[in-house]
Amino acid sequence: MTDARPRRGRPRDAEVDRRILAAARETITAHGYAGLSVDAVAERAGVAKTTLYRRWPSKARLVADLVSGMQDEVGLTETGDVVADLTRLTAGIAGSLTAAGAPLVADLTAAMAHDPDFGATMRERWAQWRRAAVDLLGRAAERGVLSPGLDPEVTVDQLAGPLYYRLLFTGDPLTAKYAASLVEAALGAHLRRPEGPTSHDR
């Protein structure tokens with residue numbers, strides 16, 4: 001059956017979105033969250049302010065989408081090997097934080113505390129990512145790869161928290177080796193193999 005309902009507006013131009021987000025990334029890297037203005041982003045992207053506002057009604061929403069896009073570059077791939085999957089994810093977050101740099105991460109963290117809209121949006125996005133990682137651990141426990149005593153939410157926090165601690169407080173490097181050691185420490189005591197593992201878990 002043909003949908004006869006009228007279509008509203010034109011589809012968004014992906015190339016315009018890409019230019020705006022790229023311009024926002026360059027601007028916030030150079031000037032921080034407080035120094036980012038919609039005017040500057042629109043000018044750098046070569047678009048009208050109205051074009052930007054149609055896509056992102058506020059600076060907070062624009063930056064939240066930008067940060068979410070950077071998180072998506074890391075990604076969470078489930079292969080059935082929970083150690084490898086979490087090690088890859090943790091190393092990816094470490095690399096993303098290193099690329100962003102401590103000043104920008106600290107600036108965004110402060111902005112979450114002082115800008116209610118930005119803070120609420122970022123916590124919502126972070127909760128979605130955290131839930132995906134928690135569910136991955138839960139499925140591994142259901143398959144018998146992890147002991148039922150493991151708390152998935154605490155484990156995810158144990159992986160993410162030290163990365164921010166190193167970046168913002170100690171200044172120690174966020175290496176792939178360090179990411180692997182975090183996963184080993186968090187999962188080591190809980191790893192087990194059920195009798196007759198399936199090929200999915202090998």
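Modeller: Let us begin with a definition: a residue is buried under 20% relative accessible area, exposed over 50% and partly exposed in between (1.4 Å probe, protein chains only). The model is predicted, so local features need pLDDT of at least 70 and side-chain atom pairs count only at pLDDT 80 or more, while totals for chains, interfaces and linings use all residues. Residues are numbered from 1 along each chain as its sequence is written, and side-chain values use heavy atoms, with hydrogens and water left out.

Colleague: What makes up the secondary structure of the chain?

Modeller: Helices (H or I, at least four residues) and strands (E, at least two) are DSSP runs, numbered from the N terminus. By that rule the chain has nine helices and zero strands. Of its 202 residues, 37% count as buried.

Colleague: Why is Ser147 called buried?

Modeller: The relative accessible area of Ser147 is 15%, and this value falls under the limit for buried residues. Ser147 is therefore buried. Its place is in the loop between helix H7 (116–142) and helix H8 (152–170). Contact means heavy atoms within 4.5 Å; leaving aside neighbours within four places in sequence, Ser147 is in contact with His190 and Arg192.

Colleague: Where on H9 do its buried residues lie?

Modeller: The buried residues of H9 are Tyr178, Ala179, Leu182, Val183, Ala186 and Leu187. Seen down the axis, they fall within an arc of 155°, so they line one face of the helix; the arc is that of the directions from the helix axis to the C-beta atoms. They pack against helix H5 (82–100), H7 and H8. On the other side of H9, Lys177, Glu184 and Ala185 are exposed.

Colleague: What makes H5 roughly antiparallel to H7?

Modeller: Axes are lines fitted to C-alpha atoms, for helices over the stretch in contact, and angles run from 0 to 180 degrees between N-to-C directions. Angles under 35 degrees count as roughly parallel, over 145 as roughly antiparallel, 65 to 115 as roughly perpendicular and the rest as oblique. H5 and H7 pack at an angle of about 160°, with their axes 10 Å apart. That makes H5 roughly antiparallel to H7.

Colleague: Why are H6 and H8 described as roughly perpendicular?

Modeller: Helix H6 (residues 102–114) and H8 pack at an angle of about 110°, with their axes 9 Å apart. They are therefore roughly perpendicular to each other. Their contact is made by Ala102, Val105 and Ala106 of H6 and Tyr164, Leu167 and Leu168 of H8.
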